[in-house]
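Colleague: Before we discuss the packing of this protein, please display the sequence and the model together. I shall then ask about individual parts.

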Amino acid sequence: MNRSPPVRSVACAMMLLMPLLAPPVHAAGAEQADVATSIVDALQRLGGPKTGLRKAHPKGVCFSGSFMPDAASAASVTRSPAYTAKAAYSVIGRFSQAGPNPAAADNTHDGRGLAVRLAPDGDNRMDLVLVSTPMFPAANPKDFLELLQAVGPDPATGKPDQARLDAYLAAHPAVGRQAAWQKSHPVYASYAATPYFGIHAFRFTNAQGQSIKGKIVAEPVGGAVGLDDDEAKARGADFLQSELAAHVAKQPAAIDIFVQIGEAADPTDNPSVAWPDERRKVHLGRLSIEKATGQECAGELFMPTTLTTGVEPIDDPLLSVRAQAYAVSFGRRVSGQ
Ligand code: HEM
């Protein structure tokens with residue numbers, strides 16, 4: 001297993017990130033950067049040491065494969081070559097366990113992640129950075145920071161403070177909404193048999209200049225496959241990476257990528273609220289996972305604000321702070337922290 005990032009790719013990425021890592025000039029920007037850094041500090045304290053690893057989703061496996069755009073369908077909502085190219089192109093990605101624990105068990109209802117870099121050419125890269133629930137447990141960055149602080153030990157005593165956590169949960173129903181969703185869905189049998197969600201709404205614009213608001217959704221081509229509680233227990237805490245390697249050694253695993261189209265009432269500024277399931281979805285293409293590549297993408301940064309031509313943020317307050325937190329985590333992990 002190779003955990004060392006390729007030096008050249010890290011050096012290049014650090015150069016590109018310098019503007020993000022540099023102190024922001026605006027007061028609002030400085031405040032956001034403080035929140036982002038405090039979130040990464042809180043993640044780093046939770047779930048065990050993560051030296052050199054991602055400060056969230058530290059347990060995971062990289063993969064390589066390809067993406068075949070569904071140009072005929074996708075062109076109705078996007079002009080981006082990422083989704084309208086006529087031929088399949090190579091991709092890299094990573095599956096992961098959500099949360100800050102590098103030893104997180106695979107056989108629980110906790111979230112999973114899927115990151116994929118769609119880059120048909122130099123100018124049209126979009127990183128999809130998705131999780132296995134359609135909602136986030138916090139509506140904005142400040143709530144998320146307070147949640148992480150409430151889950152962690154009280155700084156004064158060094159001990160967990162159940163009363164503080166209960167007070168937070170009572171005042172913030174978003175955590176309960178996500179937990180209820182997770183509980184009502186099974187532990188999935190494979191990374192490639194799990195559905196994933198983009199959570200943030202983006203504006204997608206087609207070649208005619210028409211725009212829609214949409215959220216990325218990823219659905220396993222063979223359907224989601226759940227385990228019952230006994231089966232999940234029997235699989236043990238570490239089955240997902242070997243299952244993926246065995247699966248793709250026989251045949252590629254396929255996941256369809258859609259954009260879910262929002263209607264007027266669907267919020268774009270609150271990632272803790274899922275849009276209704278029955279919203280129309282437009283097929284953008286099919287991801288084919290062909291090789292499990294261990295920790296080969298340890299030196300990569302999948303960035304949720306790397307958006308392709310004609311895909312733009314709307315007004316989600318989480319997105320920019322999220323991006324700053326990824327840059328902080330990346331800076332730390334590639335410098336051995
Ligand atoms: C304010 C909100 C959020 C913060 C602060 C945050 C923080 C982080 C951090 C620090 C990392 C490690 C980054 C790295 O070192 O590369 C990470 C990874 C990840 N996050 Fe988030 N996150 C947030 C919201 C979300 C949301 C909304 C999603 C999904 C829709 C998500 C999905 C993921 C995934 C899949 C990874 C692993 C990426 C990989 O495999 O490289 N996160 N997150």
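Colleague: Which residues in α6 do Glu146, Leu147, Ala150 and Val151 in α5 meet?

Modeller: Residues are numbered from 1 along each chain as its sequence is written. This is a predicted model, in which local features need pLDDT of at least 70, side-chain atom pairs count only at pLDDT 80 or more, and totals for chains, interfaces and linings use all residues. Helices are DSSP runs (H or I, at least four residues), as are strands (E, at least two), numbered from the N terminus, and two residues are in contact if their C-beta atoms, placed from the backbone, lie within 7 Å. On that basis, the four residues of α5 meet Arg164, Leu165 and Tyr168.

Colleague: By class, how many residues of the contact of α5 with α6 are nonpolar?

Modeller: Ala, Val, Leu, Ile, Met, Phe, Trp, Tyr, Cys and Pro count as nonpolar, Asp, Glu, Lys and Arg as charged, and the others, Gly among them, as polar. In the contact of α5 with α6, two residues are charged and no residue is polar, while the nonpolar ones number five.

Colleague: How is α2 oriented relative to α5, roughly parallel or roughly antiparallel?

Modeller: The axes of α2 (residues 27-45) and α5 (residues 141-151) come within 9 Å, and they cross at roughly 25 degrees. That angle makes the orientation of α2 to α5 roughly parallel.

Colleague: Which residues in α10 does α2 meet?

Modeller: α2 and α10 pack with their axes 8 Å apart, at an angle of about 55 degrees. That makes α2 oblique to α10. From α2, Gln32, Ala33, Val35, Ala36, Thr37, Ile39 and Val40 take part, and they meet Ser320, Val321, Gln324, Ala325, Val328 and Ser329.

Colleague: Which element supplies the largest share of the shell around the ligand?

Modeller: Of the 31 residues around the ligand, Ala56, His57, Gly113, Ala325 and Ser329 come nearest. Elements that each supply at least two shell residues include α2, β2, β3, β4 and α5. The largest share, eight residues, comes from α10.

Colleague: Over which residues does pLDDT stay under 50?

Modeller: pLDDT is the predictor's confidence in each residue, from 0 to 100. The protein chain averages 92, and 92% of the residues score at least 70. Where pLDDT is low, the predicted coordinates should not be read in detail. The stretch with pLDDT under 50 is residues 1-25.

Methods. Axes fitted to C-alpha atoms, helices over the stretch in contact; angles between N-to-C directions. Parallel < 35°, antiparallel > 145°, perpendicular 65-115°, else oblique. Near = placed C-beta within 6 Å.
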